[in-house]
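Me: Could you walk me through reading a sheet and the helices around it? I would like the general idea, then the case at hand.

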Amino acid sequence: MIANIVKPGSNTRGVLIYLFDKGRANEHTDQHIVASWDSFVPDPGPKDSPGHRERMGQLVKALDLRVAQADDKAPEGHVWHCSLRAAPEDRTLTDTEWGTIARRVLHATGIAPDGDPDGCRWVAVRHADDHIHIVATKMRGDLRPPRNWNDYHRAMTALTQIEHDFGLHQVNRDRDSWPAAKRPARAETEKAARNGCSRAVREELRLMVRTTLSHAHNVDEFLGLLADAGLQVETRTLPSGDLQGYKVALPGDTNADGEPIWYSGSSLATDLSLPKVQERLAATELAAPQPAGRPRPNPWHQATAAIERIPHCLANDDPAAASAHLVAFGEILYALPALAPVHLRAELRQAAFTFECAVNTRARVDHQHARALRGALKTMRSRPADDGLVAMLVDAAILTVIAVRRQSALHHHDQQIAAARQTLLHLQAAYGQAAQAPLARLAERKPPADTERRYAKYLNRAVPAYAEQILDETAWDSLTAALADAESAGHDPAVLLHQAAGQRPLDDARSPAEVLTWRIQRLGERHAPSPRARAAQARSTTTQVRATPKTAVQPPPTVTPPTSRPNRSR
């Protein structure tokens, strides 16, 4: 159950007229009072009911009586308006149950404490099955205002117990589960719908600012890129000349006077305030440099390897490293659409947008924990991306989002679980579009049958639990081609399979064969070891296999592919 306490107003009649009217889209039905400070108050009923106007006047006069008595001592915004909405999966509550809930919320907020004859006057109005509105006038019987400081958080605390007592859906109210993004107000959402836009202006600006931030190296470049993206940008400076803040506006989004509607960075998301942006960009500048004299590694491979380490951080309960990596991972997702081929951008952009609500970025983050990922992001822009590189990275990203969803489920963060689920759908769609062509090109170069059987033996030793599944996958042909390429470059395929299988578990992989294919490709592009080093690697691998305790579960028998395998559909 969710509470929404709106900004105090001074028009009691106006609020009640709206509640008892038909609504903006005739959505209000069976308008009636379910509870009040006095069981004898007149109920206006629906607007078109007989005597509605007279009863409405009587109700307004009764609610405003103490405000009139207090005269100039009454607070300027004397109308307290709170809506309580049940979750979609909750049962339909009765009027009596809604009345009880209203009284408990009023008691918790200090508007009308139980047993206090001087509590504020109030009514609870129902005009739909799933929610009620509480309207109170903030003047007590002793002509003093109520002590309703921090009423929203007190109401939410009360609702936690109410959900338990009434058997309703339990909403997680842990601040650590809240995303940094500020949700658009109802008026903003309705304005977007009227203008035929899929997102509110606040959401569109946040998407553009985050995307720009993922491509910037410093604050000056960040502000310049915002302007280049077509946004109106204004900055504030201190008397010392230092930058104090920034705000952005979408061209064409104006108020009634034709002036731009400005949004500060912090009003878009808490981590988009200027200090947070400066902190993040400073961490990017300090990303680990490439040692001189070494060949520059593929930054896409570096980013993929760093992303594959994130589930390990989550599983090992390392919140500092996990938070830093997830923030950097989010920046990778926002940068990816501009770096990927055009046909992949729509799904990748949606994945970045939905992932923002799957993690908490409000907490203070030590960005130095993710130096490798930030360093890769810094140089990815200089390396053109084809479908294969994007598919490789997205494949690792899918496993990371699955780990994020699992972690959220452990803490019952339902909103984050739903956001992670949506992110997965978009990433999987993008992966399906990106991976098909490069995997097919690899499969066309599969090695001869005797080499394939040799690789199958290596596979049984490296991943006995998955060998049969991998050999039956269409991507087995692609995996053998990747192993053949690595072997021709001087690598030992048996060692590479052990390294690829040992990097991260394959439990969450939809296709272990595809995951191993990307890992083998990445490992195969590294500098091949010398014959002496290869011999040492072979001895190490053999020792690891022989060192397996006798009490351990024995792996399944070796599965050897047939000499002629039927064509498998994709």
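Me: What is the strand order in the open sheet of three strands, and how do the strands pair?

Reply: Strands of a sheet pair through backbone hydrogen bonds, either parallel or antiparallel. Here the order is 6-7-8, with antiparallel pairing. Strands are DSSP runs of E with at least two residues, helices are runs of H or I with at least four, and both are numbered from the N terminus. Two strands pair if DSSP finds at least two bridges between them. This is a predicted model, where local features need pLDDT of at least 70, side-chain atom pairs count only at pLDDT 80 or more, and totals for chains, interfaces and linings use all residues. Residues are numbered from 1 along each chain as its sequence is written, and side-chain values use heavy atoms, leaving out hydrogens and water.

Me: Which strands stand at the edges?

Reply: Strand 6 (232-237) and strand 8 (263-264) do; each has a single partner strand, so one side of each is left without a neighbour in the sheet. Strand 8 pairs with strand 7 (residues 243-249) over two bridges, in the antiparallel sense, and there K247 stands opposite S264.

Me: Which helix packs on the sheet?

Reply: Helix 7, which touches strand 7 and strand 8. Its direction makes about 125° with that of strand 7 (axes are lines fitted to C-alpha atoms, for helices over the stretch in contact, and angles run from 0 to 180 degrees between N-to-C directions). Contact means heavy atoms within 4.5 Å.

Me: What do the buried residues of helix 14 pack against?

Reply: Helix 7 (201-215) again, along with helix 13 (319-339), helix 16 (387-410) and helix 17 (414-443). Buried means under 20% relative accessible area, with a 1.4 Å probe and protein chains only; among those residues are L348 and F353.

Notes:
Buried means under 20% relative accessible area, exposed over 50%, partly exposed in between (1.4 Å probe, protein chains only).
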